[in-house]
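The following exercises are to be worked through with the sequence and the structure in view. Each task is followed by a solution in steps.

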Amino acid sequence: MSPRASPLGRGFLNVREAAEYLGLSSCTLYVWRHRRQGPPSFRMGRSGRVMYRIETLDEWIR
């Protein structure tokens, strides 16, 4: 798989990918987001998809 095809090559992850990256369930990330806990996220595009920056996830882990 080329770096462009890999989620990690984009620099950001959707909720499912971020949960997998952190070893958590998607539901955990949704609950944390609702409670304003956990790693920071943002909304992307017209659809408003919730996304996470990989570098921000790494900082949050540290």
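**Exercise 1.** Determine whether Val15 is buried or exposed.

*Solution.* Step 1: recall the cut-offs, by which buried means under 20% relative accessible area, exposed means over 50%, and partly exposed lies in between (1.4 Å probe, protein chains only). Step 2: Val15 has a relative accessibility of 7%, and therefore counts as buried. Step 3: locate Val15 in helix H1, which spans residues 15-22. Helices (H or I, at least four residues) and strands (E, at least two) are DSSP runs, numbered from the N terminus.

The model is predicted: local features need pLDDT of at least 70, side-chain atom pairs count only at pLDDT 80 or more, and totals for chains, interfaces and linings use all residues. Residues are numbered from 1 along each chain as its sequence is written, and side-chain values use heavy atoms, with hydrogens and water left out.

**Exercise 2.** State which residues Val15 is in contact with, leaving aside its neighbours within four places in sequence.

*Solution.* Step 1: contact means heavy atoms within 4.5 Å. Step 2: with those neighbours left aside, Val15 is in contact with Ser26, Leu29, Tyr30, Val50 and Tyr52. Step 3: consider also Ser41, which is 26 residues from Val15 along the chain; the C-alpha atoms of the two are separated by 9.1 Å.

**Exercise 3.** Describe the place, accessibility and contacts of Met44.

*Solution.* Step 1: Met44 is found in strand S2 (residues 42-44). Step 2: its relative accessible area is 25%, so Met44 is partly exposed. Step 3: apart from neighbours within four places in sequence, Met44 is in contact with Phe12, Arg49 and Met51. Step 4: Asn14 is 30 residues from Met44 in sequence, and their C-alpha atoms are 9.7 Å apart in space.
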